[in-house]
Structure formats: C-alpha cells, structure tokens
Amino acid sequence: MNAGIGDALRGKIVLVTGGAGFVGGNIVRALVDQGAHVHILDDFFTGSMDNVPDHPDVEISRGTITDIDTVERLVSGSQYVIHLAARNIIVSTKNPREDYEVNIGGTLNILMAMRKSTVTRMVYSSSASVYGNPRYLPINEDDNANLLSPYAVSKYAAEGYCRAFYESYGIPVSVVRYSNVYGPLQNPENPYCGVISKFFRSLISASSIKIHGDGEQTRDFTYVGDVVEATLLALVSPKAEGQVYNVGTGRETSINTLVRMMANVVGVEPTIEYVDRRDIDNIRNRVVNIEKIRRELKWTPMTSLENGLKRTYEWIREHEPSRNT
C-alpha cells in the first residue's frame with residue numbers, strides 16, 4: 001500500500017456505501033488491512049455477501065442511500081465516508097428515474113448528512129463515462145463533459161453537488177473518476193459485471209465472444225488494486241480535498257487486443273462474433289490523463305494489463321461454481 005496512506009486510517013470508522021459490490025469489497029478488505037473499522041451500507045441490488053470479508057471490524061447495514069434516516073445515522077457515526085453506491089450504466093439506461101433517485105438523490109442525502117456531522121473526508125466515486133466521446137486524448141480532468149447516457153448525467157450531477165457543498169458549506173470531499181475497473185470479485189455470474197469477466201466466462205466455456213461493433217474501440221482498463229490505492233489516497237491526503245482525479249492507467253487498449261491478451265492468458269483460441277454496437281456506453285476511444293493524481297497524490301498504477309488479467313483469471317478459476325459443489 002502507498003506510503004502516503006500510512007497509519008492514517010488505523011482505528012478510524014469508515015462508512016463504505018456499496019461496500020458489498022465489486023470495487024466496494026476490495027476497498028473494504030484494504031481498509032481492514034489498514035486497521036480501520038468499516039461499516040457497509042448496501043441494498044444488495046448488485047452487491048453480494050460473498051464480497052464482504054468475515055471480520056470483526058466489518059459491520060453491515062442492509063439499506064439504501066435513498067433512506068435519509070439510515071444515511072444520517074451511519075454518517076453521524078463515521079469519521080470517513082467512501083461513497084460507491086450507485087445504479088450502474090445498464091440499470092440506469094433501463095430506468096432513468098431510479099438512476100436519478102439513487103445516483104443523484106442518494107448522493108445529496110449523504111452530503112446533507114455530512115453537514116450535520118464531523119466527517120473528516122468523503123470520497124465520491126464517479127466515472128470516466130462523464131467524458132463521452134472526447135475531442136482529444138488523453139482526457140484531462142478539466143475537459144468538457146459529454147453526457148451520452150443517463151448514467152453519465154447522474155454521475156456528473158452528483159459530482160456537481162459534491163463541488164457545490166464543498167464551495168458553499170466547506171464539506172470535505174474528493175472525487176475520483178474510475179476508468180473501466182476490473183479484477184478479483186468481479187463475478188462473471190453477475191449479469192451486471194464488466195466486459196473482462198464476461199469475456200473470461202466465454203473463453204472458459206468455449207463460447208463465442210460477442211464484440212459490439214468492430215472491436216477497434218479503445219478503453220483504459222484499470223486493475224482494481226490500483227483503484228483501491230488511489231481511492232484511499234484521495235481519502236486521507238490533504239491535497240485531495242475539493243479535487244477531482246482521473247483514476248486509470250494512461251494507456252488505451254482496443255477490445256480486439258484485449259480479447260487476444262485474455263485468450264493468451266487462458267490458453268485457447270478465441271471464437272469472436274461481431275454484433276451491432278451497443279446503445280449504452282457507445283464511446284469510440286477513451287484513455288485518461290493521470291498526471292494530476294500522479295503529481296499531487298504520488299499515485300501510479302502498478303499493475304500492467306497483462307498481470308491484472310492473469311490475477312483476474314486466477315480468481316475466476318478459483319471461484320467457479322462447479323468447484324464449490
């Protein structure tokens with residue numbers, strides 16, 4: 001773990017909304033390793049108890065960030081907040097009203113509760129989806145937003161509330177914009193999981209991999225362990241207050257290249273089926289500039305895509321349903 005985190009979280013109470021999710025589960029594990037006491041708030045819409053470590057310093061509240069009473073109670077008893085809970089892009093596109101109520105309304109509930117509390121810092125997890133199809137690459141934090149989905153709208157609006165509460169009320173917040181996170185705990189059996197887990201499931205089962213479009217669209221794939229470290233640095237670093245940071249690798253990879261790399265990890269020849277492009281997340285190229293977080297928080301992603309894919313594959317193989325029966 002980055003030296004900048006040190007013992008800052010030892011003995012502290014940290015509320016993690018969405019702590020039973022893929023990223024949340026990894027963050028909770030890291031917090032426990034740092035000696036923190038963690039309280040999870042999750043409605044288990046996409047989260048799973050399998051992601052939650054069985055540890056005496058982890059408490060779970062099954063509930064939703066749209067419940068202001070629950071939010072106020074948990075925020076008031078915490079020293080730090082990591083806000084991950086959200087409806088993802090698939091759910092948001094199917095149900096924009098639910099997207100609005102959870103992603104925007106839920107975030108506002110947390111910020112309102114923080115006005116009544118003495119929380120040291122909240123980190124809000126946003127998404128590189130807010131950039132849409134950028135004019136230039138790599139994408140800087142101060143580049144214009146290009147909101148192409150209800151999910152992007154809600155994440156950016158929640159960012160706006162974070163900024164407004166920081167400027168208007170002095171609420172201590174930081175924003176991290178994640179870019180295509182993958183890694184252990186991203187269960188391919190979950191219908192809302194990311195593309196890497198889905199592709200691994202197809203490769204393992206010798207099924208054809210369905211690629212939307214021509215496969216030459218690019219993304220900045222970021223290993224979850226690196227994302228966890230960046231998030232915790234944003235939580236404790238004095239320089240991070242009031243700031244927005246890209247969290248990625250600064251390297252773009254096409255979907256075709258990704259599939260070839262994954263097939264090499266599994267040791268199979270992939271069968272690829274090209275299908276119509278998706279209506280959601282219809283972005284041609286994406287890679288983020290990470291110089292700001294590198295310069296201000298001394299954070300650098302340590303996991304190459306090749307090594308990250310190997311670790312993800314090993315985790316999936318260890319947790320195949322057939323091996324647990």
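## Overall build

Of the 325 residues in the protein chain, 54% count as buried, where buried means under 20% relative accessible area, exposed over 50%, and partly exposed in between (1.4 Å probe, protein chains only). This is a predicted model, in which local features need pLDDT of at least 70, side-chain atom pairs count only at pLDDT 80 or more, and totals for chains, interfaces and linings use all residues. Residues are numbered from 1 along each chain as its sequence is written, and side-chain values use heavy atoms, with hydrogens and water left out.

The protein chain contains 10 helices and 13 strands; helices (H or I, at least four residues) and strands (E, at least two) are DSSP runs, numbered from the N terminus. The radius of gyration is 19 Å, close to the 20 Å given by the globule rule for 325 residues, so the protein chain is as compact as a globular protein of that length. This radius is taken over C-alpha atoms, and the rule is 2.2 Å times the number of residues to the power 0.38. Residues 24 or more positions apart supply 80% of the contacts with a separation of 6 or more, a contact being heavy atoms within 4.5 Å.

## Helix α1

Helix α1 covers residues 22-33; at 1.5 Å a residue its 12 residues should span 16 Å, and its end C-alpha atoms are 17 Å apart, which agrees. The expected span is 1.5 Å times one less than the number of residues.

Helix α1 is mostly covered, with 10 of its 12 residues buried. Among the buried residues are F22, I27, V28 and L31. After α1 comes G35, whose phi is positive, near 90°.

## Two prolines in loops

P53 lies in the loop between β2 (37-42) and β3 (58-62). P53 is buried, with a relative accessible area of 17%. Not counting residues up to four places away in sequence, P53 touches V28, R29 and V58; V28 is one of the buried residues of α1.

P138 is placed in the loop between β5 (121-127) and α5 (150-169). The peptide bond from L137 to P138 is cis, with omega near -5°.

## Backbone exceptions

Most residues other than glycine have a negative phi, and most peptide bonds are trans. L185 has a positive phi, near 85°, and is found in the loop between β7 (181-182) and α6 (195-204). A206 also has a positive phi, near 60°, and lies in the loop between α6 and β8 (209-212).

Which of these two residues is buried, and which is exposed? L185 counts as buried at 9% relative accessibility, whereas A206 is exposed at 68%.
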